[in-house]
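Below is a brief report on selected local features of one protein model.

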Amino acid sequence: MTVLGDIWTVDAHAGGEPARVVIGGVPEPPGASVAEKARWVERHYDQLRRRLLQEPRGSPAANANLIVRATNPRAEAGFVVMEQSEYPPMSGSNVLCVAKVLLECGMIARGKELTNFFLEAPGGLVEVAAETPQGRVGRIGVRNVASLPLALDQKVSVPGLGEVMVDICYGGMIHVIAEVDQLGVKIEPARAQELARLGEAIRLATLAQAPQRHPLQTNLVGPTISYLVDPSPTSLADQVGVAVVSAGTTSSARVLAGVLDRSPCGTAICARMAALWAKGRLGVGDRLRSQGILGTVFTGEILEETELAARPAIVPAISGQAYITGYSHLVLDPQDPFRDGFRLNDIWPSEES
């Protein structure tokens, strides 16, 4: 598949986390499922991700989503999530942006008050319930893929920190979760760089010492993302949390820090609820409001209990709002030396090894 022409995107954000949604200009990737389509793009057309997310078009915090045809007959559409270091099975902020774009662009018909539909993510089928009073798109709720604890109260040795207690859970991505009281840091914008370095250090240590694999999707090994949590309530939420996304590597670079998820991070909230449920601190019907680094809030809820490969799990939901920020017509000039993107470590968190 060769694309040297034009790509049409809609740019959006949910809770501050930017997402570029590709709605035209890219041929349909092959695959019997959206998961297979995502793997095909990763193996055979990863330059699309680099073109969309790296400079001169992207930034370290950027995400992208390729709208594809669903293979599940219940789904209205499918989407392939592309981030700086991986093609995750699911992403909360990204699915909120995808749903917003599909509704606002008329790709899915809007109801008078509430619009319900299914989308096929690489991780499975998710159900969307969007408030659409008078045709306007408001708050969006998503019934997520099943989430489960993989390892609880795991001790890992982190360089510069010592021993850190973590939970490792799947909420659509494999997260390592650490409460910040043991790290001596607060979750606040002024500490963003420090939080990014701490989160990535914990992730790398956990991946080396206690790697975990999804019980059904055995190609998923992690953690691929970390989640730092302050369980103290605020006036807006039950906790404050920030996810740290690995910025990825190149053949000549070594990651030193991740990039903060600007949103409260939907999959992290689902992973956190799975841990709290397993510890008896949350039950079916309970909600968890989580405030992100920018003060925005996503709400999680445990809908029901289930099993994955005979392991106890939950079916969670998240809700939040997304906003469209622009409509883009991206031009790909075959003679442009930077058509596939580039990175410089003045803003990308890596250095020459």
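His175 is buried because its relative accessibility is 0%, where buried means under 20% relative accessible area and exposed over 50%, with partly exposed in between (1.4 Å probe, protein chains only). The model is predicted: local features need pLDDT of at least 70, side-chain atom pairs count only at pLDDT 80 or more, and totals for chains, interfaces and linings use all residues. Residues are numbered from 1 along each chain as its sequence is written, and side-chain values use heavy atoms, with hydrogens and water left out.

His175 sits in strand S10 (residues 174-179). Helices (H or I, at least four residues) and strands (E, at least two) are DSSP runs, numbered from the N terminus. Contact means heavy atoms within 4.5 Å.

Two distances stand out for the reader:

| From | To | Distance |
|---|---|---|
| His175 side chain | Ala268 backbone nitrogen | 3.4 Å |
| Arg74 | Phe118 ring centre | 4.4 Å |

Arg74 lies over the face of Phe118. Such a charge has NZ of Lys or CZ of Arg within 6 Å of the ring centre and within 35 degrees of the ring normal.

Helix H1 (residues 34-44) has the buried residues Val34, Ala35, Lys37, Ala38 and Val41. They line one face of H1, because they fall within an arc of 160° seen down its axis. The arc is that of the directions from the helix axis to the C-beta atoms. Arg43 and His44 are exposed on the face turned away. Cover for the buried residues of H1 includes strands S3 (64-68), S4 (75-82) and S5 (114-121).

Terms used. A polar contact is a pair of N or O atoms within 3.5 Å; within protein, one must be able to donate a hydrogen and the other to accept it, and residues adjacent in sequence count only if both atoms are side-chain atoms.
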